[in-house]
Amino acid sequence: MNIGDLLPYLAPTVVLLLILGSAIKILPEYERGVVFFLGRFQGVKGPGLIIVIPVIQQIVRVDLRVITLDVPSQDVISKDNVTVRVNAVLYFRVIDPERAIIRVEDFGVATSQLAQTTLRSVLGKHDLDEMLSERDKLNSDIQEIIDAQTEEWGIKVANVEIKHVDLNESMIRAIARQAEAERERRAKVIHAEGELQASKKLVEAADVMSANSGAMQLRYLQTLADMSNNNSSTIVFPLPMDMLKMFMEKQKQGLKGPDTPNNPDVPHNPHNPDNPQKPGTTE
């Protein structure tokens with residue numbers, strides 16, 4: 001058989017191989033194929049080997065794995081009129097390939113735009129302090145809103161995470177001053193509470209020591225022992241408490257004035273106390 005005799009069969013063979021090559025599709029485990037027959041939805045096929053008739057049938061591949069979507073930075077005005085730039089990351093996957101292809105043109109772009117608008121609207125309802133301290137709650141709120149709207153598209157939003165909340169330099173300095181003032185306020189309150197508790201304890205201790213004079217003496221000796229343990233040049237001379245009491249009594253008597261003579265028969269000379277007049281004599 002000559003080569004010239006095979007030429008009439010060569011062209012149909014090549015065309016048949018091309019048709020088979022375009023008709024045979026192999027889908028991995030994480031992909032599904034949405035098949036259309038003459039423009040009408042026929043079904044979802046895969047994974048594995050599927051046959052698609054060229055020209056008559058069309059197939060659209062859909063990835064069922066979790067897709068990571070980086071939400072661009074958004075300028076947000078908080079509830080307390082503070083301008084911040086916030087960006088986030090969104091995790092979603094397709095759970096219904098039919099709706100993801102038929103009901104929305106490009107589910108990836110649609111989900112990205114929806115995430116941006118939802119991020120601005122949700123964060124605009126909260127104060128700056130809530131954005132910084134309650135991120136878990138905000139992430140949950142944003143995830144629920146986006147998931148409720150993308151359910152119609154056959155998309156499941158798994159998680160939303162706010163990555164950065166950027167502030168300008170003036171706002172950062174204002175927040176630093178506010179935090180410093182708050183710390184000073186707490187320190188003053190704690191110091192005042194400590195003084196109040198210490199004063200109550202001192203009153204109780206004074207009541208106990210006033211009831212027993214020996215307790216004051218023991219406290220006095222303990223104070224001397226504490227002072228002797230420090231490396232200082234202070235010289236302390238112990239003075240008994242009884243001696244101090246005697247001095248205090250002498251001081252009280254001195255404030256009352258001199259005592260009158262014990263002999264009532266001897267008149268007192270107011271001009272010269274040291275020379276009283278004798279009875280029966282006049283000056």
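The largest cavity in this predicted model has a volume of about 40 Å³. By the rule applied, the count comes to one cavity of 30 Å³ or more. Helix H3, which spans residues 107-123, is among the elements that supply at least two residues of the lining.

**The cavity and its lining**

- Rolling a probe the size of a water molecule over the atoms shows where empty space is left.
- The residues that line the largest cavity are Val71, Ala88, Leu90, Ala115, Leu119, Ile142, Ile146 and Val160.
- This lining divides into eight nonpolar residues, no polar ones and no charged ones.
- S7, H3 and H5 each supply at least two residues of the lining.

**Helix H3**

- Helix H3 has 17 residues and reaches 24 Å from its first C-alpha to its last, close to the 24 Å expected at 1.5 Å a residue.
- The buried residues of H3 are Phe107, Ala110, Thr111, Ser112, Leu114, Ala115, Gln116, Thr118, Leu119, Val122 and Leu123.
- An α-helix has 3.6 residues a turn, so residues three or four places apart point the same way.
- Ala115 and Leu119 are buried residues of H3, and both also belong to the lining of the largest cavity.
- Among the elements that cover the buried residues of H3 are strand S6 (67-77), strand S7 (83-94) and strand S8 (155-166).
- The cover also includes helix H2 (97-102), helix H4 (128-133) and helix H5 (135-150).

**Backbone geometry in the loops**

- Most residues other than glycine have a negative phi, and most peptide bonds are trans.
- The peptide bond from Gly46 to Pro47 is cis, with omega near 0°.
- Pro47 is located in the loop between strand S3 (40-45) and strand S4 (48-51).
- Val55 is not a glycine, yet its phi is positive, near 70°.
- The loop between S4 and strand S5 (57-63) holds Val55, and this residue counts as exposed because its relative accessibility is 75%, where exposed means over 50%.
- Asn81 likewise is not a glycine and has a positive phi, of about 60°.
- Asn81 lies in the loop between S6 and S7, and with a relative accessible area of 66% Asn81 is exposed.

Key:
Residues are numbered from 1 along each chain as its sequence is written. This is a predicted model: local features need pLDDT of at least 70, side-chain atom pairs count only at pLDDT 80 or more; totals for chains, interfaces and linings use all residues. Side-chain values use heavy atoms; hydrogens and water are left out. Helices (H or I, at least four residues) and strands (E, at least two) are DSSP runs, numbered from the N terminus. The expected span of a helix is 1.5 Å times one less than its number of residues. Buried means under 20% relative accessible area, exposed over 50%, partly exposed in between (1.4 Å probe, protein chains only). Contact means heavy atoms within 4.5 Å. On a 1 Å grid over the protein atoms alone, a cavity is a set of points where a 1.4 Å probe fits but cannot get out, and a pocket is an open set with protein on both sides within 12 Å along at least five of seven lines; lining residues have an atom within 4 Å of a point. Grid points are joined across faces, edges and corners, and a volume is the space filled by probe spheres set on the points. Ala, Val, Leu, Ile, Met, Phe, Trp, Tyr, Cys and Pro count as nonpolar, Asp, Glu, Lys and Arg as charged, and the others, Gly among them, as polar.
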